[in-house]
Amino acid sequence: MADKSANKPKKGAHLIKKQAPKPEKPAQAVRTEAKQPKKKRRVPIGVKIAVGVVVAAAAGAFGYVYCYPNVFPGVTVGPITVGGMNRDDAANTIEDQSAPLYEGKNVTVTIYDSNYDIPVDKVLKSVDGIQSAENAYEIGRTGNPLERVHDIIGAMRGHREAQIAATVDEESLRGTLNEIADTALTEPVNPTWELKDSNLIVHSGKPGVKFDTDAVEQALTDQIRLMDFEPYEVSTDVTAAPAIDVDKIAADIIGDPVNATVSKKDGKTIIAGKAGVSFDTDKAREIIGDGSQETYTIPVTITQPSITAETLKAKLFHDTLARTATNLDEGNAPRTNNIRLAAKAINGTILNPGDEFSYNGTVGERTAARGYQEAHAYSGGKIIDEFGGGVCQPSSTLYMAVLRADLKVTERHNHSFTVSYTPLGEDATVDYGNLDFRFVNNTAYPVKILAEQTDGQMIMTIVGTKTSDKTVTTRTEVLETYKPETVTKTDSSMEAGDSRVETSGITGYSTKTYKQITENGKTTEVLANSSTSVSYTHLRAHETDQYL
């Protein structure tokens, strides 16, 4: 029989609410009330070792950078190895080994289109070993740490070179630059030209070049101090060359041929002639074009002179063209003195073809200071005493010779009264500053005047070169005669009612003088001058040869 008591509720059971048991959660969903500690990731040992190596290396490198006392290995000064040396040893090494580095070396200065070499050993005193060593020591010690390390590594690989520092002889460098500047500093140069064979060679002008010499000196000083032998190009201011002026060239060289002449100073030295030149100026402009070339060749026509230096030398003063002489009273000392002084001034005068002779210009002013004395002279229709009286006799004697040499007279004046020492119509009076006697050498060769006062004569000789058998004589035609007045006088010594007639003075004339020129068997006559002299009534005839 079942136990009924088992089914009875226990005391207080009505207060307890039974709960059905909950199903269990999966193990992974069970949450615990307490946090579990995270597991640490473990660094591989190899990585730790690598990091340690890098850190150690970096520390060592930076320590090396900041603590190494010498020039870093691999550093050179130019080609000189100084790596690993302290600064003193590096300085000594540089000074010992640097000399061959600059022997025979040049610094080339380029100015416009020209190069000038400056020998380094001429302007360099010495290499500064201490500063050069300091330059080497600084490699790897400037910049940020990474830059320093980079430089040190570069030095180890042979890629770091310090500059040599040198002491420049500034005075020598300045002197050398001044010599260069004398050549290189130029003003614009005009075009030039020259005749060569049958061509005109035209050379274009050159531009003007200027530059700052002080700046160049400083730049070269810095460059030489660093032993930098690279060419230095100077900054210049250039002024364009003048253009070729064809018209100016034509005016300069186009002309007729000029014969050889002789020096007037010594009468011996031959001066070479000049060829005649002509060319087509329009063709020349076409050849030159824009003028961009350095030279141009222009064809020309050359005409040689008819009298060359060789020809003149063989024929110079070879012939007497004319010789004339007039008489004088040497007892009249003042007048003779004046004539002799004038002759001395004229003697040896040389006239090249085309030259003009001036009597006053050659003889000069007749003054006491120049040795002239007072003597009778014609002036203003009167006979007076003046310094230089008598100098018309040399001028008249020379005029006579000029007529017979057939030279071209350009100025001649006859005396107001006739003179006794020349034929009628062949005198030539002069008055300094007023009346002159002038003529031109119209022959093809030089002529020389030989003047001499001797043995009571004034002698003029003109020597030159005859080119034909020409001879010249003169003929004077009297057109009218002017007699002096006849004066009737009474004299107390005469009987009453008697009278006496006296004629005294100088007769005047109106004349024409001709040159009779005979050449190649043919004679022609040309008028040389027309002269008019007046009569003079108060001068005795025997006195006339005392004047002029």
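1. Arg-148 sits in helix H6, residues 145-156. Helices (H or I, at least four residues) and strands (E, at least two) are DSSP runs, numbered from the N terminus. This is a predicted model, with residues numbered from 1 along each chain as its sequence is written. Local features need pLDDT of at least 70, side-chain atom pairs count only at pLDDT 80 or more, totals for chains, interfaces and linings use all residues, and side-chain values use heavy atoms, with hydrogens and water left out.

2. Is Arg-148 buried or exposed? Arg-148 has 17% relative accessibility, so it counts as buried. Buried means under 20% relative accessible area, exposed over 50%, and partly exposed in between (1.4 Å probe, protein chains only). Beyond its neighbours within four places in sequence, Arg-148 is in contact with Val-65, Tyr-66, Gly-140, Arg-141, Thr-142 and Gly-143. Contact means heavy atoms within 4.5 Å. Glu-138 is 10 residues from Arg-148 in sequence, and their C-alpha atoms are 9.8 Å apart.

3. Now the whole chain. The protein chain has 14 helices and 31 strands. Of its 548 residues, 36% are buried. Take the contacts with a separation of 6 or more: residues 24 or more positions apart account for 70% of them. The accessible surface comes to about 32800 Å², and carbon and sulfur atoms hold 49% of it. Such areas come from the Shrake-Rupley method with a 1.4 Å probe; for residues, only the protein chains shown count as cover.

4. Helix H5 spans residues 129-138, and its buried residues are Gly-129, Ser-132, Ala-133, Ala-136 and Tyr-137. Down the axis of H5 these fall within an arc of 145°, so they line one face of the helix. The arc is that of the directions from the helix axis to the C-beta atoms. An α-helix has 3.6 residues a turn, so residues three or four places apart point the same way. What covers the buried residues of H5 includes helix H2 (87-97) and strands E1 (76-77), E5 (124-128), E6 (161-162) and E7 (165-168).

5. Look next at the ends of H5. At its start, a side-chain oxygen of Asp-128 comes to within 3.3 Å of the backbone nitrogen of Ile-130. A polar contact is a pair of N or O atoms within 3.5 Å; within protein, one must be able to donate a hydrogen and the other to accept it, and residues adjacent in sequence count only if both atoms are side-chain atoms. Gly-140 follows H5, with a positive phi near 90°.

6. Helix H10 covers residues 281-288. At its start, a side-chain oxygen of Asp-280 reaches to within 3.0 Å of the backbone nitrogen of Asp-282. Gly-289 follows H10, and its phi is positive, near 55°.

7. Which arginines lie over the face of Tyr-137? Arg-87 does, at 3.9 Å from the ring centre. Arg-141 does too, at 3.7 Å. A charge sits over a ring if NZ of Lys or CZ of Arg is within 6 Å of the ring centre and within 35 degrees of the ring normal.

8. The count of aromatic pairs is 4. The ring centres of Tyr-399 and Phe-437 are 5.6 Å apart and their planes stand at 85°, so this pair is edge-to-face. Tyr-399 belongs to helix H14 (392-405), and Phe-437 to the loop between strands E23 (408-411) and E24 (438-440), so the pair ties together parts 38 residues apart in sequence. Rings of Phe, Tyr and Trp (its six-membered ring) pair if their centres lie within 6.5 Å; planes under 30 degrees apart are stacked, over 60 edge-to-face, the rest tilted. Tyr-399 is buried at 1% relative accessibility, and Phe-437 is buried at 0%. Phe-357, Tyr-399, Phe-437 and Phe-439 form one aromatic cluster.

9. Ser-172, in helix H7 (170-184), is buried at 18% relative accessibility. Its side chain reaches the backbone oxygen of Lys-122 at 2.8 Å. Asn-352 lies in the loop between strands E19 (349-351) and E20 (356-358), and is buried at 8%. A polar atom of the Asn-352 side chain lies 3.0 Å from the backbone oxygen of Val-262.

10. Most residues other than glycine have a negative phi. Tyr-112 is not a glycine, yet its phi is positive, about 55°. Tyr-112 lies in the loop between strands E3 (106-111) and E4 (114-119), and is partly exposed at 41%. Asn-520 also has a positive phi of about 55°. Asn-520 lies in the loop between strands E30 (508-519) and E31 (522-532), and counts as exposed at 63%.
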